[in-house]
Amino acid sequence: MSGSPFPSEPHASVSPRGSRRAPPPVLVAGLAGATWMSADGEIEDLSLAEAARRCRTTAVMLCHAPATARRLGRDSLDAYDLLELFAFVRPAGFCAPSPHGLATALGLNPPSDAQTAAASLHFAAKALLGELAAQNSDAEAVGTAWNMAAAGWPWAPEVLAAMGFAEGRGKAPRVGQGLNIWEKLPEWEDEAPRPPSGHHAVDPGAARRRLAELLGPDAESRPQQADYASAVSQALAPRQALGEPNLVLAEAGTGIGKTLGYIAPASLWAERNEAPVWISTFTRNLQHQIDGELDRLYPEPDRKMENVVIRKGRENYLCLLNFQEAVRALPTAPQDTVAVGLMARWAARSRDGDMVGGDFPGWLPGLVGRQRT
């Protein structure tokens, strides 16, 4: 079919074992029925029971295999899951776990019904493999895919081929290459305590000016927001007595712009006194809202990485020791290799290793198993 990532004829795909495969059919399962697209592009509307029967002997291309299996009344499916391919090609990237979400994330025309959704999965696969081919794939990416191929990951031959790896071209990666992320990530080291911060106040007028800079010239006028920023600046004045901080209790209505209202004076204080400002929140969602607003202050990602950190309890983050133990257990638990490989791809690209509300795909545990993530 036009747009398929697979050749129209059976072909030799690269994998540690080698294989010859025709393009798989596509399956989109709804609540009451299913749509089936053959390798030749013929589309059929099926009952869920008929789709389940065909899946007993045929591997299919789909989006979210566990959810599809539940709709078909099956425990699992032999499938080319586009979400797994997305997690490999765009680790730490956002995508809603549906054909529409995939198309949107990849800049394709979103499907309008089940038939166009089936066709869109072919184009999504082609786009992802093309994107991978255009990247400068390193040995770690090839090594990760090679290990996943040895464990039987359906996408591995196409992924390896897209990265230009073929039998006879370079030696095979060593076992575990690409999975040993604990050896690649920069280490955190204890440093000498920082010198005491300065004690320079933030002038209320300066807080208003910083707020105006953050908002930009085209922002609507919000006098209450400027008043809020001015009032908050009083909390940042030098202390009059040891152990007696300045306190400001400020309240503003919804939509006033409180977040930027306190970011403006706080950022000025941090710059003038060469010290951090901690903003404590009640929810993780508010943490990420504040983090998003700080794009205005640090529009360049590299500079933001140096100046903005989200801190949560350690149970929110990937434990490298647990991950190392999982990699070392793969010889006796090869069924975990695909999950470990996708986790390795994410960990190498993640901003901070935050698995709860950060850049970790929320649907990944549902694909590869919560115990494995």
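Q: What share of the contacts in the chain with a separation of 6 or more comes from residues 24 or more positions apart?
A: Contact here means heavy atoms within 4.5 Å. Of the contacts in the chain with a separation of 6 or more, 62% are between residues 24 or more positions apart. The model is predicted, so local features need pLDDT of at least 70 and side-chain atom pairs count only at pLDDT 80 or more, while totals for chains, interfaces and linings use all residues. Residues are numbered from 1 along each chain as its sequence is written, and side-chain values use heavy atoms, with hydrogens and water left out.

Q: How many helices and strands are in the chain, and what does its C-alpha trace span along the principal axes?
A: Helices (H or I, at least four residues) and strands (E, at least two) are DSSP runs, numbered from the N terminus. The chain has 15 helices and seven strands. Its C-alpha trace spans about 80 × 45 × 35 Å along the principal axes.

Q: Where does serine 230 lie, and is serine 230 buried or exposed?
A: Serine 230 lies in helix H9, residues 223–232. Serine 230 counts as buried because its relative accessible area is 12%. Leaving out residues up to four places away in sequence, serine 230 touches Pro204 and Arg208.

Q: Which residues does valine 327 touch, not counting residues up to four places away in sequence?
A: Valine 327 touches Leu179, Trp182 and Val340, with residues up to four places away not counted. Valine 327 belongs to helix H13, residues 320–328, and at 12% relative accessibility counts as buried. The C-alpha atoms of valine 327 and alanine 344 are separated by 9.8 Å, and the two residues are 17 apart along the chain.

Q: How many salt bridges does a search of the whole structure find?
A: A salt bridge is a side-chain nitrogen of Lys or Arg within 4 Å of a carboxyl oxygen of Asp or Glu. The search finds 15 of them. One network of salt bridges links Glu44, Glu50, Arg53 and Arg54.

Q: Which residue forms a salt bridge with arginine 90?
A: Glutamate 131 does, with the closest N and O atoms 2.9 Å apart. This pair links distant parts of the chain, 41 residues apart: arginine 90 is in the loop between helix H3 (82–89) and helix H4 (99–105), and glutamate 131 is in helix H5 (residues 114–134). Arginine 90 is partly exposed at 26% relative accessibility, and glutamate 131 is partly exposed at 24%.

Q: How are glutamate 213 and arginine 210 placed in helix H8?
A: They are three residues apart in helix H8, so about one helical turn separates them. Glutamate 213 is exposed, at 58% relative accessible area, whereas arginine 210 is buried at 11%.

Q: What is the distance between the closest N and O atoms in the salt bridge of glutamate 271 with arginine 210?
A: In that salt bridge the closest N and O atoms are 3.0 Å apart. The pair links distant parts of the chain, with glutamate 271 in helix H10 (residues 258–273) and arginine 210 in helix H8, 61 residues apart. Glutamate 271 is partly exposed, with a relative accessible area of 39%.

Q: How many positive and negative side chains does the chain have?
A: Lys and Arg count as positive and Asp and Glu as negative, while His and the chain ends are not counted. The place of a charge is taken as NZ of Lys, CZ of Arg, CG of Asp or CD of Glu. The chain has 36 positive and 42 negative side chains, and the centres of the two sets lie 2 Å apart.

Q: Which residues form a negative surface patch?
A: Patches are made of residues with over 30% relative accessible area and no salt bridge, with like charges joined within 9 Å and nonpolar side chains (Val, Leu, Ile, Met, Phe, Trp, Tyr) within 5 Å. Glu187, Glu189, Asp190 and Glu191 form a negative one. Glutamate 189 lies in the loop between helix H7 (156–162) and helix H8 (204–215), and at 62% relative accessibility counts as exposed.

Q: What is the phi of histidine 64?
A: Most residues other than glycine have a negative phi. Phi of histidine 64 is near 75 degrees, a positive value in a residue other than glycine. Histidine 64 lies in the loop between strand E6 (60–62) and helix H2 (65–72) and is buried, at 13% relative accessible area.

Definitions and conventions. Accessible areas come from the Shrake-Rupley method with a 1.4 Å probe; for residues, only the protein chains shown count as cover. Buried means under 20% relative accessible area, exposed over 50%, partly exposed in between (1.4 Å probe, protein chains only).
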